[in-house]
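Here is a friendly briefing on one protein model. Have the sequence and the 3D view open side by side as you read.

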Amino acid sequence: MGDMTAIRIRNLRFAYPDGLEALRGIDLDVAAGEKVALVGPNGAGKSTLMLLLTGLLHGQGEIVVLGEPLDERSLKRLRGRMGLVFQNPDDQLFSPTVLEDVAYGPLYAGLAEEEAARRAARALQQVGLDGFGERLSHHLSLGEKKRAAIATVLSMEPDVLVLDEPSAGLDPRARRQLIELLRQLPQTMLVATHDMRMVADLLPRMVILDQGRVVADGPTAQLMADERLLEAHGLERP
């Protein structure tokens, strides 16, 4: 994909029906293959930005994904190339078995059963859940559920992954496994998180969002070293 820009956002604005301005003119570029952290206090606009980026909300401004403007005509096509992983994996796991959950996306997209099964098996292998296909989703641990939720997205073979608080609630071992998984994935990644240790370990670039605006954007190590900046926006060094 070379130097292609995977995500280009210009002057993105969004207000909720109650008048709350969640985003107040966001500009952001993410290069193909880049892994970027989106951090900031609660209410900064991180989740809203992710919902707009994946077409689940509609705001004002410009969003271009993989060279194509995100609009009503391109939405379905681009959704197939972007994967959104929700904070709560139960929002993504609703079929009786893990395999059915992971194969659902490709089947819904119209792929043949054989191809959907192949993609599901590969996605489960990628997330370290080989042999879990017949397990009941609600019997998995939280860490296993999070990986299964990522597999449901990987089975669509997306170019871009958008993850909301992927490490929230995990014990140390499950958290390490998740970070190692994300490290190995080649996709462009935008990760909203409060887990500053994960940001330091995994994500070379950090974007700080506060009150609906980008207040800092740069190399993670550089921004992490600025304690006054972090403190001003409700963040702590790991």
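Just after helix 1, G55 takes a positive phi of about 80°. This is a predicted model, in which local features need pLDDT of at least 70 and side-chain atom pairs count only at pLDDT 80 or more, while totals for chains, interfaces and linings use all residues. Residues are numbered from 1 along each chain as its sequence is written, and side-chain values use heavy atoms, with hydrogens and water left out.

**Helix 1**

- Helices (H or I, at least four residues) and strands (E, at least two) are DSSP runs, numbered from the N terminus.
- Helix 1 covers residues 46-53, and six of its eight residues are buried, so the rest of the structure largely encloses it.
- Those buried residues are K46, T48, L49, M50, L52 and L53; buried means under 20% relative accessible area, exposed over 50%, and partly exposed in between (1.4 Å probe, protein chains only).

- Four strands form an open sheet in the order 2-1-4-5, with antiparallel pairing; two strands pair if DSSP finds at least two bridges between them.
- Strand 2 and strand 5 (68-69) are the edge strands, each pairing on one side only.
- Helix 1 packs on this sheet and touches strand 1, strand 2 and strand 4, where contact means heavy atoms within 4.5 Å.
- The direction of helix 1 makes about 115° with that of strand 1; axes are lines fitted to C-alpha atoms, for helices over the stretch in contact, and angles run from 0 to 180 degrees between N-to-C directions.
- Strand 1 (residues 5-15) and strand 2 (residues 21-31) run antiparallel and are joined by eight bridges.
- In strand 5, E68 is the bridge partner of V65.

**Helix 5 and helix 6**

- The axes of helix 5 (residues 142-154) and helix 6 (residues 172-184) come within 9 Å and cross at roughly 20°.
- These two helices are therefore roughly parallel to each other; angles under 35 degrees count as roughly parallel, over 145 as roughly antiparallel, 65 to 115 as roughly perpendicular and the rest as oblique.
- G143, R147 and I150 of helix 5 make the contact with A174, Q177, L178, L181 and L182 of helix 6.
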